[in-house]
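Dear colleague,

I am handing over the structure below, and my notes on what was found in it follow directly after. Please read them with the coordinates open beside you.

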Amino acid sequence: MKKKLLSDEQVKLLNWGSNQFHDYTIGLDPGKSTGFCLYDKSQKVIIMLDTLDFWEVFDLIKELSFIHSNIDHQGKLSFVIENSSLNKPTFAKAGDGKELTRQKISRNVGMNQRESVLLIEGIRRLGYEVKEITPSKKSAYKGKITVPMFKAMTGWKGSSSQHARDAAMLVI
């Protein structure tokens, strides 16, 4: 049985059927575990924050696209995605000259790059605008956002993974 991705409360928060103007942005941090953030830019509130696999993300985007296209609303839905293919192709750990280490890192980066490209192409096929961000430019804050920092910055009260927080930083 297919997992329900949006709760009834989250659908109500979308408020696409109202007369109010809402701009929704989805932030995606692709990888083996993809960070997902649905953000209402108009209300400055996170509606959904989660870590999903590739197919859950794509199914959720299709579900949101269906809701967005079938309800009379004002505003728009747009996407910001971290695209690691915009960076250099080979990465190495600092101080580590081992070829096997570089190959493993490059293979993992390549897998993330392919997920990024597939999500970007799929979202554009649905007719949406996609802004691509390099991993190094995704946030004014350099480094990882801790749970306490994230809660203080956003007011988010739920749990969050590093991938989900990274996705949120793309859109906030």
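Contact here means heavy atoms within 4.5 Å. On that definition, among the contacts in the chain between residues at least 6 apart in sequence, 64% join residues at least 24 apart. Please bear in mind that this is a predicted model, in which local features need pLDDT of at least 70 and side-chain atom pairs count only at pLDDT 80 or more, while totals for chains, interfaces and linings use all residues. Residues are numbered from 1 along each chain as its sequence is written, and side-chain values use heavy atoms, with hydrogens and water left out.

The chain has five helices and five strands, taken as DSSP runs numbered from the N terminus (H or I of at least four residues for helices, E of at least two for strands), and along the sequence they follow the pattern α-β-β-β-α-β-α-β-α-α. Of its 172 residues, 43% count as buried, where buried means under 20% relative accessible area, exposed over 50%, and partly exposed in between, with a 1.4 Å probe and protein chains only.

Once its neighbours within four places in sequence are left aside, L119 is in contact with L28, P30, F54, V57, F58, I61 and I81.

A search of the whole structure finds three aromatic pairs, a pair being rings of Phe, Tyr or Trp (its six-membered ring) with centres within 6.5 Å, counted as stacked with planes under 30 degrees apart, edge-to-face over 60 and tilted for the rest. F54 and W55 form an edge-to-face pair, at 4.8 Å centre to centre and 90 degrees between the planes; F54 is buried at 13% relative accessible area, whereas W55 is exposed at 58%. The rings of F79 and Y128 have centres 5.5 Å apart and planes at 65 degrees, so this pair is also edge-to-face. Because F79 lies in strand β4 and Y128 in the loop between α3 and β5 (130-133), the pair ties together parts that are 49 residues apart in sequence.
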